[in-house]
Amino acid sequence: MNHKVIKASIALTLTAVMLLGSTNTQAYPPFVKQSARFGAKDCTFCHTKPEGGEGWNKRGQWLMAEKDKRKADAVDVAWLSEFGDKATDASAATVQANDKWAELDAYHNVMSQTFHPAEDGKLEPIRKRAGELADKAKQWLESKPPKVYESADIKALLVKLNAESKALADAIANGAKDEQLKKDLTALHDRFHEIIGACREEKKKHQ
Ligand code: HEC
């Protein structure tokens, strides 16, 4: 359906609703106008169907629940000023429900900027940034994972990664030799990829 057709069918429905003219239905079309300041454009602001009537979305259901709660005779669109916060929370939660994990990305950044030079024999970056890498591991461990990565396995691997990142930083502070450093960083990099693998598996379960 294109926009014109939708508009035309809404107009038709409106006319039908008005013609039917029960006191009940007559009260509804003004809802759109009254709730325009909350962002309403058509009946789907509260209804699941473009023509309104039976079937309500979260906002519509909330309004009906409010009517009961307040023991009001009719729905008052002005109540929506209180729904606002919850609605924004709900949509923020939907955005959060994907696989974005900022602390993972932060750890990965430092890891790739230190490990890849080390592969070429340049150990300066990791010697400089091991403390930062350990901090990122701690923040990652303490962060709240996106829903798709909530698992005891991933958590257990993060506990290891955190301990090993800290151990590497301590070893460098205590003057670790290049040889040892390369070995430890490679092991840490493997651990990181073990976690990425576990995340991938966990995500599959949620699809
Ligand atoms: C601001 C939210 C909102 C908007 C916008 C809105 N409605 Fe409603 N509508 C409701 C709520 C809430 C009810 C239930 C009211 C009640 O139970 O007292 C309802 C009830 C109805 C009903 C009665 C259904 C039944 O079975 O009881 C009709 C018909 C209806 N709306 C049509 C429309 C149409 C057509 C539009 C668009 C022009 C529209 N509504 C826009 C919130 C809205």
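H6 and H9 cross in a left-handed way. Keep in mind that this is a predicted model. H6 covers residues 102-119 and H9 covers residues 178-205, and the two pack at an angle of about 135° with their axes 10 Å apart. That angle makes H6 oblique to H9.

Who touches whom here? On the H6 side you'll find Met111, Phe115 and Ala118, and they meet Lys182, Leu185, His189 and Phe192 of H9. Sorted by class, this contact has five nonpolar residues, one polar and one charged.

H6 also packs against H7, which spans residues 124-142; their axes come within 9 Å and cross at roughly 160°. So H6 runs roughly antiparallel to H7. The handedness of the H6 and H7 crossing is left-handed. From H6, the residues in this contact include Leu104, Tyr107, Val110, Met111 and Ala118, while those from H7 include Ile126, Leu133, Ala137 and Trp140. Charged residues take part as well, among them Glu103 in H6 and Arg129, Glu132 and Lys136 in H7.

Here is the make-up of the two contacts:

Now for a spot in another helix. Alanine 65 sits in H4, residues 58-69. Is alanine 65 buried or exposed? Alanine 65 has 10 other C-beta atoms within 10 Å, so it counts as exposed, the cut-off being 12 or fewer. Valine 75 is ten residues from alanine 65 in sequence, and their C-alpha atoms are 9.5 Å apart in space.

Note on methods
Residues numbered from 1 in each chain as written. Predicted model: local features only at pLDDT ≥ 70, side-chain atom pairs only at ≥ 80, totals over all residues. Axes fitted to C-alpha atoms, helices over the stretch in contact; angles between N-to-C directions. Helix = DSSP H or I, 4+ residues; strand = E, 2+ residues; numbered from the N terminus. Parallel < 35°, antiparallel > 145°, perpendicular 65-115°, else oblique. Left-handed = near helix turned anticlockwise from the far one by under 90°. Contact = placed C-beta atoms within 7 Å. Buried ≥ 20, exposed ≤ 12 C-beta atoms within 10 Å, placed from the backbone.
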